[in-house]
Amino acid sequence: MKLTNVRSNFDTIIHYFDQNHHFFTRVEVYFNHQRQEIRAILLFPFQKKGQYFLDKIEVFYNNQWVQKRGNPNLYGMALANQRAVINLGEVIYKTEKQAKEHLDASYHQFVQTLANRIKIELCSSYAISCEVADDYMSILTIFMINEEEFEGIIETNFHFATNMDEDELLEKLINNYKTQILTNIEKIEIVQKEKRVKQKTYLTTIPTTNPVLKEDQIDGLIKISVQGFCTNCQLDVFQPIKTNVRINEDKLDQHQFDLFISVLGDYFVCEHCYNVVDKENIIVKNEITGKMINQKPLGELDFLGYHNDQIAHKEIVLAAIEHKNYFRDHQESFWNAFSYIASQQWETFIAELTVKELKFILPHYISDIPNNATHEELLLMLKELNLSDHQKNVFWRKVNESLIDYYLNITVFGWDVAKDREIIGQHRAIFIFKYLPIPEELRFIHNRRINSLVMQSKQLVSDYRKEIDQQKQQIQLLQQENGRLSQKLGEAYHKTITLEQASHRLTTDRNKSDIIKIKQLKGLIEDLKAEITQLTSQLEPNKVESRGVPALTEKALKFAESYTEKPLSGKNIFIIGGYRSKEVASDLNYIVLTHDARNLDPIFYQYLNQADILIVLTRYISHQAMWEVKEFAILEQKPIFYSTFTNIPTILNKVAKEMTKGKDN
């Protein structure tokens, strides 16, 4: 498209804030196309050098400007390459900061004047005060109705430009806001008359995205409403609480007040028929798309108290905002305890780290992290670092700092303990939510959160009874196993004595293999003694623990180091404590047998006898199976190895490495 005589008119420049308080520069650009005089209205967003939006295209026809037919975007693209438009963009970019500062000052003065005028207009009828928010984006109104104090929010999200008549806009807004306030007061009086109960105050927060997840963050403007069902209209009706709320989840510390949703009372008045409606749910939506972000029943909000105690409520909210400062004063004891617990149960705690967290922390220790590494692969890399206790403490604090910062920013009112336990893992959730330092003013809210951590469902008592029954069964099994191990202890003593006597009879210089067996059996005896002691302590119900049996994975981890298969060549390898979900065809020169060892059936003993190498998955095997395999390995002189992994190639690589080292030594 060929445009001629392109020129900008600097006299037409207008600066303005839109209804979302975004700053724009509006300017007119003139040009000719196909013998027509055309005008383009361009909108330049703040500090977006070289970018503009095409507002409209008009053609001069019959001595007036009229809307141009056709696709206006074609003109927008053609103008982008014109030197006059490029120069215009550069001039606006250099001057718009100062222009915005001037318009901001005018806007602030206008909002303050608006607040003063509203108070003057209404003070003759009601005791009212109007306070302008620090960002000038709202006015807090506080007024008395029948000796009760009520708060309201006037959102100052109106179009404000350099070329407008401020007096005319002021009168228009005062009339609109005055009408809205009087209407709301009338509705409150209706509720007071029909529902002679104290007005309750509830508090919750806008939901945010936990930083350990890779999910998209909340984007765009947010609208919060309360929803109820009008029995007269037979419709769901809504009452706005907040509109045009914008949250930057990367800067939550700047939005703590914005996150709060305060709800006054259990009722509101239907705007269609003035029927009193029960408040049922808090609705959070994207204001532009209408997409639902969150819906929360009123009963799940935090009850702060009654409306006539607003000062105490504000102190609670302020304590929540200041929680981060309180934590800073007590953080060292928290981090020391949290890191110590994690280091003592290292594999359990690091297993709860998400892929996002592992990819954040591991580059501090490893230079090359594959972009598509799986959770299991990342965990294996972490385990192979073999960190010292001190290094584990440093690691654990660094990887969890952003998570703790998140919970402090959203405040205790934003904690969703049940949901976050699924996200960050049970062990982390329990420690963080139970032991994060809490100021005294927030204890009652914190106790509710902790109770929700324990009281997960209405059937908790039934669940406890089932758990107790299961624990009783576990106790009986442990008692039986205790007796069986005691019998094996006697058998082990007998075998040791027999071997020693036989060795003395045959020669004064004992057979080397017999000596090894004797030492191993004595070691087995000590292990059995320790096991019996442990079993005795495990007879307490609360200490009974059960684990599931994992499905073993076959695919080799991409980054895992490979060792020669020579030590395994021609061997039957028996892995105890896991199972293959399906048979896998293999061209390897060794055979892998697996058994979950939940039941010591004939197949278990068949594989045991066939095995040349025994591998025990220590986290997923019963005590009975463990000692059966240990005893067999000693008596039959079979090599036995132990692993916590569930990936078969990884397990075999470790075993091959250990066997190679053993031969070298």
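**The second largest cavity and its surroundings**

Modeller: Phe44, Pro45, Lys48, Lys49, Gly50, Gly89, Ile92, Tyr93 and Glu96 line the second largest cavity. Two elements each give two or more residues to this lining, namely strand S3 (36-45) and helix H2 (83-122). The largest share comes from H2, with four residues. The model is predicted: local features need pLDDT of at least 70 and side-chain atom pairs count only at pLDDT 80 or more, whereas totals for chains, interfaces and linings use all residues. Residues are numbered from 1 along each chain as its sequence is written, and side-chain values use heavy atoms, with hydrogens and water left out.

A cavity is a set of points, on a 1 Å grid over the protein atoms alone, where a 1.4 Å probe fits but cannot get out; lining residues have an atom within 4 Å of a point.

Helices (H or I, at least four residues) and strands (E, at least two) are DSSP runs, numbered from the N terminus. S3 belongs to an open, antiparallel sheet of six strands in the order S5-S4-S3-S2-S1-S9, where two strands pair if DSSP finds at least two bridges between them. Strands S5 (64-67) and S9 (160-161) form the edges, each pairing on one side only. S9 is joined to strand S1 (residues 4-17) by two antiparallel bridges, and Phe160 in S9 stands opposite Phe17.

The loop between strand S2 (23-33) and S3 holds Arg35, a non-glycine residue with a positive phi of about 65°. With a relative accessible area of 89%, Arg35 is exposed (buried means under 20%, exposed over 50% and partly exposed in between, with a 1.4 Å probe and protein chains only). Gln637 also has a positive phi without being glycine, near 55°. It is found in the loop between helix H17 (623-636) and strand S22 (640-643), and its 35% relative accessibility makes it partly exposed.

Elsewhere, eight of the ten residues of strand S11 (residues 221-230) are buried. S11 has an antiparallel pairing of nine bridges with strand S12 (residues 235-246), in which Gly228 is partnered by Val237. These strands form a hairpin with four residues between them, and Gln234 in the turn has a positive phi of about 55°. S11 also pairs antiparallel with strand S16 (residues 281-286), over six bridges; there, Ile224 is partnered by Val284.

Asp420, in helix H11 (residues 417-424), is buried because its relative accessibility is 6%. Leaving aside residues up to four places away in sequence, Asp420 touches Asn210, Tyr407, Gly425 and Phe433, where contact means heavy atoms within 4.5 Å. Asn210 is 210 residues away along the chain, yet the C-alpha atoms of Asp420 and Asn210 are separated by 8.1 Å. Their side chains are joined by a polar contact of 3.5 Å (a pair of N or O atoms within 3.5 Å; within protein, one must be able to donate a hydrogen and the other to accept it, and residues adjacent in sequence count only if both atoms are side-chain atoms).

Terms used:
1 Å grid on protein atoms, 1.4 Å probe; cavity = no way out; pocket = protein on both sides within 12 Å on 5 of 7 lines; lining within 4 Å.
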